[in-house]
Structure formats: structure tokens, C-alpha cells
Amino acid sequence: MRGADERQKKELDALGGGWLLAFDLSVPCGVLALHGPGSTLSREVPARERTAFLFSEIHELMDEAGVSREEIALLGAGRGPGSFTGVRVAVTAAKTLAFALGVPLVAPESLAVAAAGVGSPGRLVFVAVDARRGEVYYGIYRVEDGYPRTLLPPRVAPPEQAARELSACLERCGGEAVLTGTGIAAYPGVWPAGAGVAGNGAPSVEGLVRLCRMAAERGETVDPFALRPLYVRRPDTGKRREKGRCAW
């Protein structure tokens, strides 16, 4: 594991380019990362804290690193799909910070962030996030030179349908798949036999940093005022809202 960790550190250091502040709150245990010359600091952001404490966590992380707001050169935010509340908070925070700091913003798909964190070169990565209500958000990627190329864009469906689409993709493309995301453990026994499972379902700090850096290098910055959350399912309404409950 130490060799793999050192390799990932060298890969991230090679991307460089000033300090990056990035976060992905698309799942119940989100992540906040600060990456700069020779250093990557991160914190988990639990669902119960993402709304009230995100900005205080950012300030504390910057203080820990000794980084001032003037040193932030790039912002990154996962734009979903995932938790309606988490994605909305991440997008709103990204808009606010991009305006306040006056720095470029990248907003990769959250499923692609997960794929970038676990993908081996050339292998398929299937990402499934528990969407509740008996469904998963899912997508299929192939990681090429560290960047996840989309084979199946994000969508939502029952896990059985997602598994069928994964099997069909494996038949067409050949090879093996790596499975990751909170939806894998939420629906055990559904996925194709023999597929490897990677990660613990939370966004990977390495994947978030790598994808944000590479997106910036590829010129994939976004206008903060035009940024919108990536929703592939309408928010919960009706009885859930009447009871004061919101989508996690």
C-alpha cells in the first residue's frame, strides 16, 4: 500500500499549478481537499455538517496548511448526481467562492470523480451510488491516462437494470470491471460475479484532486453563474416534504 500511496502522491504533485480547493458532497460522507506544492490535506464532511459547517471547515483546513485566500488558484466541486442536499450545497458554495476569490472553477460529475479515484488504466469502472427508493445513480467509465472517459453517462434506475447495462457493456467492450460507490454495498448480490470492488463508497481525495487538475488542464472550466447541479431524478416531494424530510 505504501508504494501505491507514494505513486499517487507523485502523480498529484506532477499536476501542480498553485493551490486547489475542492469538495464533493454527493454522498453522505463527502470530502474536502486542499492540494498544492508537495501537499494534500483533506477532511471528511458528514451529511449532518455539510450545510452549516462547510465554510468553517474550509477556513480551518486553509489555516492548517498555512494557505491564504490569495494563494487559492483553482476551485473544484462535484456537481452530482447524488444527494440532492449535498449537491445543491456544493454547487452553491462553489458559486460563492468562485465569485469571492475570482479564480477558475471546474465542476466534474461526481460519478467521474469516483471513477478517477479507483480506475486502473484501460479497465472499465462502474460507479453506483445509492439513490434510495430502490434505485441507484450509475455510470460507466474507462480510465485513460488518469482521466475517466464516459462510456455510459449518469442515470438512475433500479440496481437490477443497472447491473444488466453493466453486463451488456462488458460483453461489448470485453475485459473486466471495477465496481465502486455506495450503491454496491447497498444492493449486494445484484452485480456481475467476479467483478472487483474498490473503495469504501466515499469520494476519493486522490480522484477529486486528479480530476479537477486534469479538467483545468483540458480547459474544462465553467462559468460559476451558469453552473447547475446535475440531477438525473426529480427531488422528493409530496408526503416526504410534508413530513419535513428531505432527500439525503
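How many disulfides does the count come to by this rule? The count comes to 0 disulfides, where a disulfide is a pair of cysteine sulfur atoms within 2.5 Å. Bear in mind that this is a predicted model, in which local features need pLDDT of at least 70, side-chain atom pairs count only at pLDDT 80 or more, and totals for chains, interfaces and linings use all residues. Residues are numbered from 1 along each chain as its sequence is written, and side-chain values use heavy atoms, with hydrogens and water left out.

- Cys-169 is in no disulfide, and the nearest cysteine sulfur, that of Cys-173, sits 3.8 Å away.
- Cys-169 counts as buried at 3% relative accessibility, while Cys-173 counts as partly exposed at 36%; the cut-offs are under 20% relative accessible area for buried, over 50% for exposed, and in between for partly exposed, using a 1.4 Å probe and protein chains only.

- Helices (H or I, at least four residues) and strands (E, at least two) are DSSP runs, numbered from the N terminus.
- Both faces are covered: Trp-19, Leu-21 and Phe-23 are buried on one side, and Leu-20, Ala-22 and Asp-24 on the other.
- With strand 4 (residues 72-77), strand 1 pairs in the parallel sense over 5 bridges; two strands pair if DSSP finds at least two bridges between them. Here Leu-20 stands opposite Leu-74.
- With strand 2 (residues 29-36), strand 1 pairs in the antiparallel sense over 5 bridges, and Leu-21 has Leu-34 as its bridge partner. These two strands form a hairpin with 4 residues between them.

**Salt bridges**

- The structure holds 10 salt bridges, each a side-chain nitrogen of Lys or Arg within 4 Å of a carboxyl oxygen of Asp or Glu.
- Arg-233 and Glu-135 meet in one of them at 2.8 Å, N to O. This pair links distant parts of the chain, 98 residues apart: Arg-233 is in the loop between helix 7 and helix 8 (239-242), and Glu-135 is in strand 7 (residues 135-144). Arg-233 is buried, with a relative accessible area of 12%.
- Arg-155 and Glu-165 meet at 3.3 Å, N to O. Arg-155 lies in strand 8 and Glu-165 in helix 5 (residues 159-173), so this pair ties together parts 10 residues apart in sequence. Arg-155 is partly exposed at 29% relative accessibility.
- Arg-43, Glu-57, Glu-60 and Glu-64 are linked in a salt-bridge network.

**Second largest pocket**

- About 260 Å³ of space lies in the second largest pocket. On a 1 Å grid over the protein atoms alone, a pocket is an open set of points where a 1.4 Å probe fits, with protein on both sides within 12 Å along at least five of seven lines; lining residues have an atom within 4 Å of a point. The volume is the space filled by probe spheres set on the points, which are joined across faces, edges and corners.
- Its lining has 17 residues, with Arg-79, Pro-108, Glu-109, Tyr-147 and Glu-220 nearest the centre. Strand 8 (147-157) and helix 7 (205-217) are the elements giving two or more residues to the lining, and strand 8 gives the most, with 4.
- Glu-220 also forms a salt bridge with Arg-218, the closest N and O atoms being 3.0 Å apart, and Glu-220 is partly exposed at 31% relative accessible area.
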